[in-house]
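Notebook open, model loaded. I want to go through the chains one at a time, then look at how they meet.

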Amino acid sequence: MAATKIHAIYTDDDLLMQAVKQTRAANYHISEVFTPFPVHGLDHAVGLAPTRIAITSFIYGLVGLAVAVLMMNYMMIQDWPQNIGGKPSFTFYQNMPAFIPIMFELTVFFAGHLMVITFYMRSKLWPFKKAENPDPRTTDDHFLMEVDADNHDVEKLTKFLYDTGASEISLIENEHDH
Amino acid sequence: MSSHYEAPIREPLVLGEKSYHDISVDVGAPVLGKANKSWWIVFTIALIAFLWGLGCIIYTISTGIGVWGLNKTIGWAWDITNFVWWVGIGHAGTLISAVLLLFRQKWRMAVNRSAEAMTIFAVVQAGLFPIIHMGRPWLAYWVLPIPNQFGSLWVNFNSPLLWDVFAISTYLSISLVFWWTGLLPDFAMIRDRTESPFQKKIYGILSFGWSGRVKDWQRFEEVSLVLAGLATPLVLSVHTIVSFDFATSVVPGWHSTIYPPYFVAGAIFSGFAMVQTLLIIMRKVSNLESYITVLHIEYMNKVILLTGGIVTVAYAIEFFIGWYSGVPYENYTYLSFGAATGPYWWAFWALITCNFIVPLSLWIKKLRRNIMYTFFVALIINIGMWFERFDIIVVNISKDRLTSSWAMFQPTFVDIGTFMGTIGFFFVLFLLYARTFPVIAQAEVKTILKSSGESFKRLRAEHGDDASHVQTVEEYPADAGPAANVEGKHFNTVFDDSTDEESENNEVDFELHRGKIDNLLSGVGIFDPAVHKQDDLKKINGVGPVMEQKLHQLGIFTFEQVSRMTDREYDLLDEIISEFPGRAKRDDWAGQALILKNKK
């Protein structure tokens, strides 16, 4: 199905916020918004669900902690217990005070790195990935709102977007839906 | 809109009449422009120092660490001094980007990028020293807990030196991804602004295809917040663990429970001093005075005052406890009467002068806001914090329990060369960074422009807090692609009235300005369609389709004509086209046109 979109460009973040609210109120579907910087409250205005990435980070942190405990228990207690500076090595529990720094470091290491990797995967960011912002000015000072124009009267929609303060409006016909 | 409200009593963090576009231009300028002579001179000096250091390192590794000035009493000296000094410097970056983010301090946005870069480069230098000190650095992988050919011989997880391995590598790698994630939108800005296909390719790769979708930004902000939450205890843990290298031993002067908090405060103290040293130069060289203001410098001076105060209290406690314990060995520790009057008296007094007496002057507001003076104090603190580590290591072990083995340390040229080499390496990295990276987190600065920008603060003062920040909208049809609002294509009736008005407004009043137009054209030259070719004036920043149309009406069609504009022509242009006064001069149309003309 050919997807018809309208790209409306705004030159101000407050104007964009207002336009997003008006567009949603008029029951048009905003399929994407491109902004040069994080506009406070925009995700809420567009109607995005809150991100769950912090939860993944917590889980990764627990994994890191588990890795640290299992690793040090195996190496220092099970495989080759040694008397080092008189620190007790008979059980993991007794030797644990000396393991706390590394338990902490590995928790942070796993929580931080795996969360960032998750972020890059979910947002499709990696080297040699082609940028997909339709207008290069959206990384500078312009704000682009993409509105679904299928099943809508393009003229009416255009007029509507014009009235929300869009400085440029263009019709995009895509062969494939993305 | 009142959502951008900030108390008027707060000083602006972005000076001048800046728009979002101006921020992109200012931050992109050092990357997109050419390096000046002073950059090359400093870079060459740094490179020579680096190569000298590299030679010393190769000599050390190929001959052995006997080439250093170590003796049987003093088995740790400059190597670990330099290691701790560099790690300490590497603490300010994460403090600025993580702790200040959690405290929602807006001023961190102008300085965090460079502070994090400094952190990463400093930790790289720090990491060199333990590796060289191993003596056989090709076996450095033995510090990792990996299966090996000796059966079940694992690394010793009870040892603070191994904790260091984990702490420093976690810190370096987490700082790196924190830094890089923040860089993505700014690399994307450079990618979309540059004209050169090579730069477009490089910054396209570096930006990981960042597009700035609203969902990306939502995740970006969450990731930054969580990373800040993780990095804050991390940064405290790193120097705590470095201090454990000393505190868990039984050497008098090292075996001290106040080491962890005292080392962390000292690290932040020295890190901020290094940030000041670098940024005071960079704001000047890269023309970033509007973003890194005196206010930023004052804030950092206040952090220096606080952490310097903590360090001073720790010195006092160490000195007191050394005396109060009544143990004679404690009288030779680095903070004791014995140290102040003994053979290392100069190192003791260098520490007291540089870290305690000189920074006290920052209590005076005039000095705190004086840029030259701040630079001077920052240099002094850098030196003082090096002496602190030197004193802790060398002074403490120079007089051990056996009087017959008391000794002094004499650095060899290899010790000195290696240290100078790391300074050179650090500056090589930082100078390359300053030329190729967006040195200010421009996307973040744009978010605070309306609340903390000078011009917006002034607007609020003049028009009240509820004045709209919505700027005048320049309305014109999109010049590429199928445009929905091109008259006659999708609509004939809806816009009829407004488009007529538009085109009328766009007309230049020829009758009124006849004399001025002739005057203007006499300055820039007349366009002759027979010999000249028309240029796309929209390539000049600040010239949109409407402005281009107006310039065409005046008879200006080529870059050559625009490049001949001087102040006289700018003024004439402002008088003829009154909508954008001062715009042409501010954006330096003539300069831009000259570049575009030569590129043709």
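Predicted model: local features only at pLDDT ≥ 70, side-chain atom pairs only at ≥ 80, totals over all residues.

I started with burial in chain B: of its 600 residues, 46% count as buried. My cut-offs: buried is 20 or more other C-beta atoms within 10 Å of a residue's own, exposed is 12 or fewer, partly exposed is in between, and C-beta atoms are placed from the backbone. Residues are numbered from 1 along each chain as its sequence is written, and chains are lettered from A and ligands numbered from 1 in the order in which they are written.

Next, chain B overall. I find 24 helices and 0 strands, with helices (H or I, at least four residues) and strands (E, at least two) taken as DSSP runs numbered from the N terminus. Its C-alpha trace spans about 100 × 55 × 45 Å along the principal axes. Of the contacts in chain B with a separation of 6 or more, 80% come from residues 24 or more positions apart; a contact means C-beta atoms, placed from the backbone, within 7 Å.

Then the cores. A nonpolar core here is a set of buried Ala, Val, Leu, Ile, Met, Phe, Trp, Tyr and Cys residues joined through C-beta atoms within 7 Å. The largest has 190 residues, and V275(B) and V445(B) have the most contacts inside it. Helix α8 (residues 214–247) of chain B gives the largest share of this core, 17 residues. Apart from that core lies another, of 22 residues, with I540(B), I556(B), A584(B) and A593(B) among them. What does V445(B) touch, not counting residues up to four places away in sequence? I get V14(B), I23(B), M109(B), A110(B), Y291(B) and I440(B).

I also looked up T194(B), which sits in the loop between α6 and α7 of chain B. It has 19 C-beta neighbours inside 10 Å, so T194(B) counts as partly exposed. Leaving aside neighbours within four places in sequence, T194(B) is in contact with L32(B), Q199(B), K200(B) and Y203(B).

On to chain A. I see 6 helices and 4 strands, in the order β-α-β-α-α-α-α-β-α-β from the N terminus. Its radius of gyration is 26 Å, well over the 16 Å that the globule rule gives for 178 residues, so chain A is more spread out than a compact globule. (Radius over C-alpha atoms; the rule is 2.2 Å times the number of residues to the power 0.38.) The C-alpha trace spans about 80 × 30 × 30 Å along its principal axes, and 43% of the residues count as buried.

In chain A I picked helix α1 (residues 13–25). Its buried residues, including L15(A), L16(A) and V20(A), pack against β1 (3–10), β2 (30–34), α2 (42–46) and β3 (143–148) of chain A. Just after α1(A), N27(A) takes a positive phi of about 65°.

Last, the interface: 70 residues of chain B are in contact with 71 residues of chain A. On the chain B side, α8(B) gives the largest share, 16 residues.

Technical notes
Contact = placed C-beta atoms within 7 Å.
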